[in-house]
Amino acid sequence: MFHKEGHKILIFTLFICIALNLAASLIFQNLIIHYIVLAVTLILFILIAQFFRNPNRVAKQNNHQILSPVDGKVVAIEEVLETEYAQKSMRLISVFMSPINVHVTRYPIGGEVVYSKYHKGKYLVAWHPKSSELNERTTVVIKTENFGEVLYRQIAGALARRIVNYATPNTKVEQGGDSGFIKFGSRVDVYIPVDAEINVEIGDVVKGAVSILAKSHNND
């Protein structure tokens, strides 16, 4: 299954690959060249197709847990001052996504979207310490039952040139639901209350809508 954000790109890529193979068959008589063009275009299409894959994951709704919104590796866990919305100290968990990861963004917890904003910006490498403040990004805040307000931020990287965000203020969302997409490598930061119980460590590989980032202390 492929994400809807990739449908046009996949169709265009397939058209280009077919056109290149037809051109090679008309221009070159050497079969070896035909096979080389076929192999290169096939690899190109597979690489682009895998980037837009969208595994069917149905999160078990649990408002005592915050799930990872994306696939990737945990690269930071620290207490920071969140200045865009909360204006207070929060626990930050950063997940870095390489180009080979699934790039669907999913709601880390269910609740009501109370804030959703897009910011234009630069395209520093996603692990740059200033990327969360200077890069193109979107910030979404969800009002939850057990954690208060949980904030997550999609951050473009050096390769990511388009962030798609479906979160709309004053709407109810379900944990694990499709909340957007980031094209070609990026990072997602999740900001949670400082008193939440962290369930991951730096270096952990996590899956969107599957891996638990944090739990509430009154978790049953």
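Tyr 85 counts as partly exposed, at 27% relative accessibility; in this report buried means under 20% relative accessible area, exposed over 50% and partly exposed in between, computed with a 1.4 Å probe on protein chains only. The model is a predicted one, in which local features need pLDDT of at least 70 and side-chain atom pairs count only at pLDDT 80 or more, while totals for chains, interfaces and linings use all residues. Residues are numbered from 1 along each chain as its sequence is written, and side-chain values use heavy atoms, with hydrogens and water left out.

**Aromatic pairs**

Let's stay with the rings for a moment. A pair of aromatic rings is described by the distance of the centres and the angle of the planes. Rings of Phe, Tyr and Trp (its six-membered ring) pair if their centres lie within 6.5 Å; planes under 30 degrees apart count as stacked, over 60 as edge-to-face and the rest as tilted. Searching the whole structure turns up two such pairs.

| Pair | Centre to centre | Angle between planes | Class |
|---|---|---|---|
| Phe 52 and Phe 181 | 5.4 Å | 10 degrees | stacked |
| Tyr 85 and Tyr 115 | 5.0 Å | 45 degrees | tilted |

Phe 52 sits in the loop between H2 and E1, and Phe 181 in strand E10 (residues 178-182), so this pair ties together parts that are 129 residues apart in sequence. Helices (H or I, at least four residues) and strands (E, at least two) are DSSP runs, numbered from the N terminus. Phe 52 is buried, with a relative accessible area of 0%, and Phe 181 is buried with a value of 0%.

Tyr 85 belongs to the loop between strand E2 (72-82) and strand E3 (88-97), whereas Tyr 115 is in strand E5 (residues 111-119), so their pair ties together parts 30 residues apart in sequence. Tyr 115 counts as buried, at 19% relative accessibility.

**Polar side chains**

Asn 62 is found in the loop between helix H2 (31-51) and strand E1 (65-67), and is partly exposed at 23% relative accessible area. A polar atom of the Asn 62 side chain lies 2.9 Å from the backbone nitrogen of His 64.

Arg 187, in strand E11 (residues 186-192), is buried with a relative accessible area of 7%. Its side chain makes a polar contact of 2.8 Å with the side chain of Asp 189; a polar contact is a pair of N or O atoms within 3.5 Å, where within protein one must be able to donate a hydrogen and the other to accept it, and residues adjacent in sequence count only if both atoms are side-chain atoms.
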